[in-house]
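Hi,

Here is the structure I promised to pass on.

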Amino acid sequence: MNRMLTAVAALLSLSIAPALAQNYPTKSVTMIVPFAAGGPTDIIARIVNEHMSRVIGQQIIVENVAGAGGTTGIARAAAATPDGYTIMMGHMGTHGAAPALYPNLKYNPATDFAPIGLAAGTPILIVARKTLPAKDLKEFIAWAKAEGEKANHAYAGVGSVSHITGVLLNSVLGTKPTMIPYTGTGPALNDMISGQVDYMTDQIVNVVAQVRGGNIKAYAIALPERSPALPDVPTTKELGLDYQVSAWNAIFAPKGTPPAVVAKLADALDKALDDQKTKDRLLELGGVIPDKAGRTPEALQKLVESELARWTPVLKAAMAAGKK
Ligand code: MLT
């Protein structure tokens, strides 16, 4: 009898799914952002959601679920009902580096998600409180080496972008600061503006306004070319530092989300990234808009797989260097 009921239920859902997807969405959609409000991942989410909401005809509402470098929020989203009403903004940390740092991670970035698409690239800046006694990168490196563990290095939890890019910087510099955790680089930036923490490596969209306003210092951007959003900030390449890294943020749904729903959300993201107002806001903050080919669910799946392969050995080496 039970087997019969299960078979009927499966048949019913199979027959209902296309209709559900066709009418999707019939109510607002929740996007889990796994870091504190006001930080880079939250900023990008709120910018793309505005136009995506218009395209799908329902509000995409951000819910901030911070903790454990973003893995808490992503684990919750991965376990949500795969009906298209819960999606998430993940990034290079949550879907690239986390497995190397969390042996008991509650999700597999390569298999537990339905990728929707890349939302934005986010170059990394080395930034510091404006009162830090170093006027340029050269003096900053000398300061960091002299300070040793007296230096306070802010980050958004193990496995976050600010953590993995920070560990990388410290291993390149051979420095061992005291790492100060936050629930996101939004709150870390507030403490940096008030001089309570010394430096961090963060995504440009979070810090660009404060750099322009002179409220924090930017020593370098970890790109081969300067960012048009901060033309006065030199590149690490110009300054002879072997440190180049850029981050990304992307939208995912839980595995099992109907393909037609995934296609609707991917189309809405694509339209948002073509929308002039959305583009202008991302570019103004130094974000990098993915090209058409780089925005697809398939391209994101490939990116996740290549990042998993890239970060594991890099982090293992950097963490080992940090222990010496
Ligand atoms: C945030 O939104 O706070 C960041 O993405 C955190 C990080 O990964 O550094």
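Which residues are around the ligand? Before I get to that, bear in mind that this is a predicted model. The list runs F35, G39, P40, T41, H91, A156, S160, V161, S162, G184, T185 and Q203. By type, that shell splits into eight polar residues, four nonpolar and no charged ones. Both domains take part: domain 1 (27-122 + 248-317) and domain 2 (123-245) each give at least three residues to the shell. As for helices, α2 (40-56) and α6 (161-173) each put in at least two.

A polar side-chain atom of S162 comes to 2.7 Å from a ligand oxygen. At P40, a polar backbone atom is 3.5 Å from a ligand oxygen. The ligand would expose 260 Å² on its own, and the protein buries 100% of that. Where does the ligand sit? In the largest cavity.

Two backbone spots also deserve a look. Most residues other than glycine have a negative phi, and most peptide bonds are trans. The peptide bond from Y24 to P25, however, is cis, with omega near -5 degrees; P25 belongs to the loop between α1 (2-23) and β1 (29-33). Then there is A68, not a glycine, yet with a positive phi of about 50 degrees. You will find A68 in the loop that links β2 (60-64) and α3 (71-78).

Cheers

Terms used: Residues are numbered from 1 along each chain as its sequence is written. This is a predicted model: local features need pLDDT of at least 70, side-chain atom pairs count only at pLDDT 80 or more; totals for chains, interfaces and linings use all residues. Side-chain values use heavy atoms; hydrogens and water are left out. A residue is near a molecule or strand if one of its heavy atoms lies within 4 Å of it. A polar contact is a pair of N or O atoms within 3.5 Å; within protein, one must be able to donate a hydrogen and the other to accept it, and residues adjacent in sequence count only if both atoms are side-chain atoms. Accessible areas come from the Shrake-Rupley method with a 1.4 Å probe; for residues, only the protein chains shown count as cover. On a 1 Å grid over the protein atoms alone, a cavity is a set of points where a 1.4 Å probe fits but cannot get out, and a pocket is an open set with protein on both sides within 12 Å along at least five of seven lines; lining residues have an atom within 4 Å of a point. A molecule sits in a cavity or pocket if more than half of its atoms lie within 2 Å of its grid points. Helices (H or I, at least four residues) and strands (E, at least two) are DSSP runs, numbered from the N terminus. Ala, Val, Leu, Ile, Met, Phe, Trp, Tyr, Cys and Pro count as nonpolar, Asp, Glu, Lys and Arg as charged, and the others, Gly among them, as polar. Domain bounds come from an automatic or database domain assignment.
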